[in-house]
Amino acid sequence: CTLLDFYLARIEQLDGKLNAILSLNPDAKALAKTLDEERAAGTLRGPLHGIPIIVKDNIDTAQMPTTGGCKALAALQPPDDAFVVTQLKAAGAIILGKANLHELACSGETTSSLGGQTCNPYHLDYTPGGSSGGSAVAIAANFCAVGLGTDTINSVRSPASACNLVGLRPTSGLVSRDGIIPIALSQDVIGPMGRTVTDVATLLEVIAVGDPDDPMTARHAGNQTTHYPSQLKKSGLE
């Protein structure tokens, strides 16, 4: 709960200037308490146990609306979680909130009719990149540990670059596309974002699971490389 309270205090303090968050999970504190009790009893659900995560608001969540940043969709409530959100919850993550994006992920400035203009936390007049700029700003501003964006052309990598983060566009078929508000399904992917390569590798490990309901990932089921964090080499850039 201490970590969650820290992030909530940061959001309250800074998001009025940054406009990164569209909604917060009303059940986050209760879940954090349950996860703390499980950890104290020696039980861990997975590698993200108790870790608060922000998800781009074009990825379905059953506890919060999924709006695409569009006023017309402000009350759109999915009936269930996207496949990757299910994987995050199974690994013990807390879905803390939903991030602003460029409306319906259709451009790269992260401005929407529902959330307004998201601002770069390092300089409010600079671009946050996009379309996953809300997720990137949330991570860079310490609103969460890691986050998810989506990338059709450059929508994870652009905000990661603009906000001094690591962002990864997975190979098509590695991560399920279930539950994304689509732009071009042949190119849409969900991608992890974080401050370090290790954080991104850990998040990728959780979400890179074959989804039998997504033909692209189902076709590659069993061929995914796993244990991404253990394959990192500190001297790799040499």
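Figure 1. Of the 238 residues in the protein chain, 49% are buried. What you're looking at is a predicted model. Counting its secondary structure gives 7 helices and 8 strands. The radius of gyration is 16 Å, close to the 18 Å from the globule rule for 238 residues, so the chain is as compact as a globular protein of that length. Along the principal axes, the C-alpha trace spans about 45 × 40 × 40 Å.

**Figure 2. Surface, charges and contacts of the chain.** The accessible surface comes to about 10,700 Å², and carbon and sulfur atoms account for 55% of that. There are 17 positive and 23 negative charges, and their mean positions sit 4 Å apart. Now for the contacts between residues at least 6 apart in sequence: 69% of these join residues at least 24 apart.

**Figure 3. A look into the largest nonpolar core.** This core has 28 residues, and Ile21, Ile54, Leu96, Phe143 and Leu165 touch the most other members. Two or more residues each come from α1 (2–18), α2 (28–40), β3 (94–99) and α4 (133–140). Helix α4 gives the largest share, with 5 residues.

**Figure 4. Zooming in on Ile54.** Which residues does Ile54 touch, once you skip those up to four places away in sequence? Among them are Ile21, Leu96 and Phe143, which are also listed with Ile54 among the core residues that touch the most other members. Ile54 also touches Gly97, Lys98 and Ala99, as well as Ser135 and Ala138. Further along the sequence, Cys144, Val146, Gly147 and Leu148 complete its contacts. There's a second, separate core too, with 25 residues including Val55, Met64, Ile207 and Ala208.

**Figure 5. The buried residues of helix α6.** Helix α6 covers residues 197–207, and its buried residues include Val200, Ala201, Leu203, Leu204, Val206 and Ile207. In an α-helix there are 3.6 residues a turn, so residues three or four places apart point the same way. What do the buried residues of α6 pack against? They meet the strands β2 (52–56), β6 (146–151), β7 (166–167) and β8 (189–194), along with helix α3 (83–90).

**Figure 6. Ala145, a loop residue.** Ala145 lies in the loop between α4 and β6. Is Ala145 buried or exposed? Its relative accessibility is 16%, so Ala145 counts as buried, the cut-off being under 20%. Setting aside neighbours within four places in sequence, Ala145 is in contact with Tyr7, Ile51, Pro52, Ile139 and Arg195. Ala145 and Met193 are 48 residues apart in sequence, with 9.4 Å between their C-alpha atoms in space.

How values were computed: Residues are numbered from 1 along each chain as its sequence is written. This is a predicted model: local features need pLDDT of at least 70, side-chain atom pairs count only at pLDDT 80 or more; totals for chains, interfaces and linings use all residues. Side-chain values use heavy atoms; hydrogens and water are left out. Helices (H or I, at least four residues) and strands (E, at least two) are DSSP runs, numbered from the N terminus. The radius of gyration is taken over C-alpha atoms; the globule rule is 2.2 Å times the number of residues to the power 0.38. Buried means under 20% relative accessible area, exposed over 50%, partly exposed in between (1.4 Å probe, protein chains only). Contact means heavy atoms within 4.5 Å. Accessible areas come from the Shrake-Rupley method with a 1.4 Å probe; for residues, only the protein chains shown count as cover. Lys and Arg count as positive and Asp and Glu as negative; His and the chain ends are not counted. The place of a charge is taken as NZ of Lys, CZ of Arg, CG of Asp or CD of Glu. A nonpolar core is a set of buried Ala, Val, Leu, Ile, Met, Phe, Trp, Tyr and Cys residues joined through side-chain atoms within 4.5 Å.
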